[in-house]
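Reader: I am new to this structure. Could you please take me through it?
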Amino acid sequence: MRFHGKKRRKKVAKREDYISWDEYFMGVAMLSAKRSKDPNTQVGACIVSQDHKILSMGYNGFPIGCSDDDFSWDREGDDNKYYYSTHSELNAILNYRGGSLEGAVIYVTLFPCNECAKAIIQSGIKEIVYAEDKYHETMSVITSKLMLRSAGVLMRQYEPSGREVLITL
Ligand SMILES: O=c1[nH]c(=O)n([C@H]2C[C@H](O)[C@@H](COP(=O)(O)O)O2)cc1CO
Ligand SMILES: [Zn+2]
């Protein structure tokens, strides 16, 4: 091959074991989930543009100003976490301050509930890539899927590659 008229020497070959886009974005969602203080379920989300740029991230937690030390992570009773926690998907949508999410993709470690589905649809996100779907039998997820399908949002389950990435923090 020629380069500026001169014969070009052979290039160094690229690395072959780099992570895929899916692994990268689901990996970021999984890392975000590690910030969650929910003792039962930690969820992470990563919103990506159509040209593979990360736009926003989120995890499930209490709203700004509502301390994890004051509000309850209980699952039952009058004072339970379901009143207080903001879901990872909604946090990721609200954390985005750059304008429109039209046409974006959301990677999320757990299938979105019906409330998050509404926010996803209304924000213009067009595809969901999810890892777990452990609440698939609940009305929250059944109605979520009904709305997402009706709105034309693509849903695709992440296929775990089994690749392990060691990060020493
Ligand atoms: O889409 C979701 N996104 C999300 O962030 N969550 C959060 C809310 C709660 O903090 C936690 C679920 O708790 P639990 O599994 O104990 O019901 O996960 C829950 C869902 C439900 O699918
Ligand atoms: Zn939700």
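Reader: Which residues is His87 in contact with, leaving aside its neighbours within four places in sequence?
Author: With those neighbours left aside, His87 is in contact with Val43, Asn60, Cys113 and Cys116; contact requires C-beta atoms, placed from the backbone, within 7 Å. The model is predicted: local features need pLDDT of at least 70, side-chain atom pairs count only at pLDDT 80 or more, and totals for chains, interfaces and linings use all residues. Residues are numbered from 1 along each chain as its sequence is written, while chains are lettered from A and ligands numbered from 1 in the order in which they are written.
Reader: Is His87 buried or exposed?
Author: His87 is buried, because 21 other C-beta atoms lie within 10 Å. Buried means 20 or more such atoms within 10 Å of the residue's own, exposed 12 or fewer, and partly exposed in between, with C-beta atoms placed from the backbone.
Reader: And what does Cys113 count as?
Author: Cys113 counts as partly exposed, because it has 19 C-beta neighbours inside 10 Å.
Reader: Which residues does the "binding site" annotation cover?
Author: In the unreviewed UniProt entry, that annotation covers His87, Cys113 and Cys116. They are spread over 30 residues of sequence, yet cluster in space, with a largest C-alpha distance of 8.8 Å. Positions follow the numbering used here, feature names are shortened, and annotations may be inferred rather than shown by experiment.
Reader: Turning to ligand 1, which residues come nearest?
Author: Asn40, Thr41, Val43, Asn60 and His87 come nearest, out of 17 residues around ligand 1; a residue is near if its C-beta atom, placed from the backbone, lies within 6 Å of the molecule.

Terms used
Contact = placed C-beta atoms within 7 Å.
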